[in-house]
Amino acid sequence: MGILCFLLFCLKMGITSLYNKIMDKIQKFQQALLNWYEGNARILPWRDDPSPYRVWISEIMLQQTRVEAVKPYFERFLQEVPAILDLAALPEDRLMKLWEGLGYYSRARNLKKAACMVMGQYHGRLPSDRKSLQTLPGIGPYTSGAIASIAFGAKEPAVDGNVLRVLARLSGNRGDLKDKTVRKDLNALAARLLFRQEPGNFNQAMMELGALLCIPNGRPKCGECPVQSFCEACHQDAVDQIPRKTRKAKRKMENRTVFVIRFQDRIALRKRQEQGLLSGLWEFPNRYGHLSPEEIGKVLTEWGICPETITPLPDAKHVFSHLEWHMKGYAVRVRGRKETCSFVWARQEEIHHSYSVPSAFHAYLKALGKV
Ligand code: SF4
């Protein structure tokens, strides 16, 4: 029986002393966690001024991305795009350039779409309730809970993967976190545990506990944990078994041949398709597979390129969540070119300032000065 049902059951049955005991335990848990958070919260750029816009941008950037990686992006983004109005008006190419290297570029596109909706439907102000927030592109149950509670003080839990793990350990839930029923139970527990006077701080404290002590990889630091005495996994000596580990799907391997093609002081770039992986970003021309010298010659002819020299570049690898690219690179100096293919020819400084080239190609971006 979930703790929420159990509390209702106690009330129905008139077992008030048991109910009071549980409520007392919950209050002690909340206090212990908040006291710890007050003394241990990391200083993060979005925490000193939790305005709705700043909280929103930080939460979107933090999806699937480490805090340390987000910090410089957040500062830079806020400097250039300080308000929803600016985001709605930002050209897509500039948005992609600001997002370059953060990955998961659909997050940035959704941010802009949502900003346009906020301008059109909410008079330029983010809505404060969870339901309306979830109508905006890119904002799901967790993000809406985080924005509503942190920026608006709404009494809403915010349960992301980190918090699910903490809750599973606290309650000793040995189920699979991908299981819908398990998630539902843990979400109900989060709602029950929420400190309603300070929902934003409480949610951040749960996240901080998951990030600093109740960590996903390696043994959690239970000896330093402020809520150890409430933790079932710890009592059962089962912190290594909770949450249940599921085997990850194997990443697909893909070989590619990448060309850094230079004609005088210009380098060939092309835009990726509008759908799929890294959609709409700029890349060095490339082909599936590790091409043989004959195949390389054919591809260059197809592109209307007359090579003067072809020099191998170091191999590179890029790991996406579901895919690995193993790349062989070639620097190609061009004698002449036909304007037959869909390349743009950009100067090195233009590439650095204006074209958003995803980090998958960074090994070859670095090589630009040498080719
Ligand atoms: Fe996590 Fe350990 Fe704290 Fe339990 S005692 S919540 S397992 S850090």
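Helices (DSSP runs of H or I, at least four residues) and strands (runs of E, at least two) are numbered from the N terminus. Axes are lines fitted to C-alpha atoms, for helices over the stretch in contact, and angles run from 0 to 180 degrees between N-to-C directions. The model is predicted, so that local features need pLDDT of at least 70 and side-chain atom pairs count only at pLDDT 80 or more, while totals for chains, interfaces and linings use all residues. Residues are numbered from 1 along each chain as its sequence is written, and side-chain values use heavy atoms, with hydrogens and water left out.

**Exercise 1.** Describe how α10 packs against α11.

Solution. Two packed helices are described by the angle between their axes and the distance between the axes. For α10 (residues 161–171) and α11 (residues 180–193), the angle is about 85° and the axes are 10 Å apart. Angles of 65 to 115 degrees count as roughly perpendicular (under 35 is roughly parallel, over 145 roughly antiparallel, and the rest oblique), and α10 and α11 are therefore roughly perpendicular to each other. Next, look for contacts, meaning heavy atoms within 4.5 Å: Leu-164, Leu-167, Ala-168 and Ser-171 of α10 meet Arg-183, Leu-186, Leu-189, Ala-190 and Leu-193 of α11.

**Exercise 2.** Describe how α10 packs against α12.

Solution. The angle between α10 and α12 (residues 199–212) is about 85°, and their axes lie 8 Å apart. That makes α10 roughly perpendicular to α12. On the α10 side, the residues in contact are Asn-162, Val-163, Arg-165, Val-166, Leu-167 and Leu-170, and on the α12 side they are Met-206, Met-207, Leu-209 and Gly-210.

**Exercise 3.** Find the backbone features at Pro-243 and Gln-64.

Solution. Pro-243 lies in the loop between α13 (232–235) and β1 (252–263), and a cis peptide bond with omega of about -5° joins Ile-242 to Pro-243. Gln-64, in the loop between α3 (52–62) and α4 (67–80), has a positive phi of about 60° although it is not a glycine.
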